[in-house]
Amino acid sequence: MSAPESATPEPSRQSRSTNEAGESGFARRHIGPGNAEIETMLAACGYGSLDALTDAAVPETVRTKRPLSLPEARSEAKALEDLREIASQNVVRRSFIGAGYHDCIVPPVIQRNILENPGWYTQYTPYQAEIAQGRLEGLLTFQTMICDLTGMDVANASLLDEGTAVAEAMTMSLNSVRRRRSGENRHIFFILDDCHPQTVAVVQTRAAALGVNTACGSVADFHERLNGDGKSELFGIVAQYPGSAGAIGDIAPVFELAREHGVMTTAACDPLALVLLTPPGALGADIAVGSAQRFGVPMGFGGPHAAFFATREEHKRQMPGRIVGVSKDASGRPAYRLSLQTREQHIRRDKATSNICTAQALLANMAAMYAVYHGPEGLRAIAKRARFLATLFAAGLNRLEGCRADSGPFFDTVAFETARSGLSQSANERGMALRPLGGNRFSVTFDETSAERDVVALWELLDSAERGLSADEVRAEAGTAIVAAWGGGVERSDEILTHEVFQRHRSETEMLRYLRRLEAKDLSLTTSMIPLGSCTMKLNASAEMFPVSWPEFAALHPFAEAADTRGYRALFADLEAWLCEITGFHSCSLQPNAGSQGEFAGLLAIAGYHASRGDAGRKVCLIPMSAHGTNPASAVMAGMRVIPVACDDLGNIDVVDLRSKAKEHATDLAALMATYPSTHGVFEEGMREICDIVHEHGGQVYLDGANMNAQVGLCRPGEIGADVCHINLHKTFCIPHGGGGPGMGPICCTERLAPFLPGHPVVEQEGRGASGPVSAAPWGSPGILPISWMYIAMMGGDGLKRASQVAILNANYLARRLDPFFPVLYKGGNGLVAHECILDLRRFKTVTVEDVAKRLMDYGFHAPTISWPVAGSMMVEPTESESLAELDRFCEAMIRIHAEIEAVESGRIDAANNPLKNAPHTAETVAQTEWDHPYSRMDAAFPAPWLKEHKFWPAVERIDNVYGDRNLVCTCEGMEAFGESA
């Protein structure tokens, strides 16, 4: 890449560091087009400089008056060096804390070929299924694994974390019971008292927002409620299985009693325990949830991890999140796709089943491949070893003076009492971390990395008499104890993971080839630009990704003591300060682990603020019709009532309609949710006025930060008049999409909203706690925050501003080139767009926007966002990462497709048998002996010259979406059945 106009030549590799101009080598390379390319594009747009273009595109009324005050840009090497110093402040002890988080071994073949492979982490959500078959197969394998382990009929493609998965189970239970028993006052969700504390708190946060109640207690308390007057008030119950302190409770009779009284049942499960335990499906659970973290995903100080959600067939249409199913392609061959998408937010908005619009796809694929690599016998060996070590520890502990372990059955966690004082401090001095349960009670959890030496070390820690107990003395007793405790129906008797995929890939050679075959079926940023509007598929630089695998970040338990997490806290302090500076706000919370969670947290902060002023009745949320579907879904989840606001003919918020509705709801107005720049891809000139109107009528302004990458360094939400915004770190700040997840959605807010940022029940955060947690871990998914730290550190204030300017330039260049062929639907002042543009395809009578999306695959591109926010349109966002050559290649593809459309529309090509209607064309299709099309094989597969240099082949032909919903198959076994029937 070329350097900016004022830059000096790049330093040599040996001396690469921040140069005299304060610009790093990385900052120059990160922005796609070079100086000559920028000049070419500026000339095409009619501007002489980036500043002139920016002045014309971004209204003066919203422009910031001061530059970003951020540390000077650093080179890759310097940023990595500085971050390594920060990481060194973390102390990774031998963790026995457990509580839903476990150390594990990431098989190197999975770490190197999935976690650290841009062919897996730079893919987009698999909406264009024909070029996402590899990761969809992996997610179907994940669903199959979860169905097998839980004994349930159907599972989704993952959720954000275990705490929010239980909260989603609560909501689904509430909706299900209220539908079936509409005349009853069902408003209490019962939480058995051995659930993880973070789960309890997340559920309580969600319940309070929905206006329902929770009750925590023992099995006896639950029985008492059902036998008393309150039996008709309960709608659901959740049990931790095994319990947080280790006990494996007999939940079958509890669930049976619940069913008799119409109460939905949820089991929060440990997947490794389910390898050996009777599955919750066999015990009467309606829903099974949990975290797949210990299946080969690092703890990462709390995330990101793939949660799971499984249920019975009858409830599948109410299940939150994404579901991968099996359909067929144009030739009748089985193919994978996302199923039942009519449940999702962009279609159902405030009627959606959930505000969750993503999955933890990358981590779910890692967990699935962990099971594939180990197979059922390998997982059983790992599970039995953890169980044996726990039992061995308990048996030896009971021989020590002043110690007593809780009785079994238990799996990997043992709770115990001890007369020793200062145990936590003594453990720390020996490099260990235990979990305090209060008073003189503690627990220890064993995992895949544990060994007998760990058991002996714990005995030595607790052995005040120093008797020197050895494992050999207790081994036989432990074996006998397992047989005694796990008899009588505790241990599962059925086979698990019987599908062929879990049997075939035992050697690393076979596993490597399998992963490579899957990767080859997916189009990622390693192939071409992914120009998705509103989704910001930009470069995830290699230097940013390195620290994710560093043990100091990856191996830390989220409940480790504060003294051991100084590095993370320093990183958090940097990021919070930088994000506040970028947004113009006072405070920041990094806890929300998705954009949807950020929306929810921001709305809760607004609700908390109103309640603190005696305005708890403010429940109305104004949302423009152009808003992301998650906005109305999040507002409903936060207990608010959605009132839509119209948009004008230019795609802007209709200020007259807004003023009218704000006035109408002046006594109950809570908030306005708006996106800036707008979802229509323009900088609305009236944004300050809009904020003033809402404030005038007592509301607060929530800014959806999905399009923040057009604002950084140019304008600040806090200066415009917003009160809180979320920021998609997986968009603007370079955390990769990972095929549909992970993501992060931290929020920044004004000083008056700061006290209402989310707190946490286990790890105290100063100044927080008026609102409960929205994520299970205190800082959400901190394991990927080093990516954004590196990005900001290497770009610096000037680099970030320039990135925004180049993103705007690239979008306007594309708009100018494509407007004669596909008119740009919305333009702002001076006829310019922001960082994205909407191309109008509605005038075509025969060819649809979906036809164009599929034909782009033949040209080697992922389609832009289609039919949203306007049906029959394409929303294109090139980002600042793409070079002029790549932009021109995309434009050339679209122009060639336009010629094909004109040929169809004019009748020169058959309306049904043409390259657009038959797209995409697979290698198998063009290699067939028979070719019954009025166009050549070359026109089908090589419609542009660059494809002869590199061709990405779609794995399947066009997929039948209707078939995939009507004949929903969500497991690998179903895929086999499909193949047999086909």
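Colleague: Which residue in strand 4 does isoleucine 188 stand opposite?
Modeller: Isoleucine 188 faces asparagine 213 there. Keep in mind that this is a predicted model.

Colleague: And how do strand 3 and strand 4 pair?
Modeller: In the parallel sense, over five bridges; strand 3 covers residues 188-192.

Colleague: What's the strand order in the sheet?
Modeller: It's an open sheet of seven strands, running 2-8-7-6-5-3-4, with mixed pairing. Strand 2 (154-155) and strand 4 (213-217) sit at the edges with a single partner strand each, so one side of each has no neighbour in the sheet.

Colleague: Which strands does helix 8 touch?
Modeller: Helix 8 (residues 162-180) packs on the sheet and touches strands 3, 5, 6, 7 and 8. Its direction makes about 170 degrees with that of strand 6 (264-269).

Colleague: Switching to the nonpolar core: which residues touch the most other members of the largest one?
Modeller: Phe142, Met145, Met369, Ile792, Leu839 and Met874, out of 225 residues. Helix 27 (residues 785-818) gives the largest share of this core, 19 residues.

Colleague: What does methionine 145 touch, leaving out residues up to four places away in sequence?
Modeller: Phe295, Ala367, Ala368, Ala371, Leu497 and Phe502.

Colleague: Last one, threonine 922: buried or exposed?
Modeller: Buried, because its relative accessible area is 3%, and the cut-off for buried is under 20%. Threonine 922 lies in the loop between helix 29 (884-905) and helix 30 (923-927).

Colleague: What does the threonine 922 side chain make a polar contact with?
Modeller: The side chain of threonine 925, at 2.7 Å. Beyond four places away in sequence, threonine 922 also touches Trp953, Pro954, Ala955, Val956 and Glu957.

Definitions and conventions:
Residues numbered from 1 in each chain as written. Predicted model: local features only at pLDDT ≥ 70, side-chain atom pairs only at ≥ 80, totals over all residues. Heavy atoms only, no water. Core = buried A, V, L, I, M, F, W, Y, C linked by side-chain atoms within 4.5 Å. Buried < 20%, exposed > 50% of the residue type's maximum accessible area, 1.4 Å probe, protein only. Helix = DSSP H or I, 4+ residues; strand = E, 2+ residues; numbered from the N terminus. Contact = heavy atoms within 4.5 Å. Polar contact = N/O pair within 3.5 Å; in protein donor to acceptor, adjacent residues only side chain to side chain. Pairing = 2+ DSSP bridges. Axes fitted to C-alpha atoms, helices over the stretch in contact; angles between N-to-C directions.
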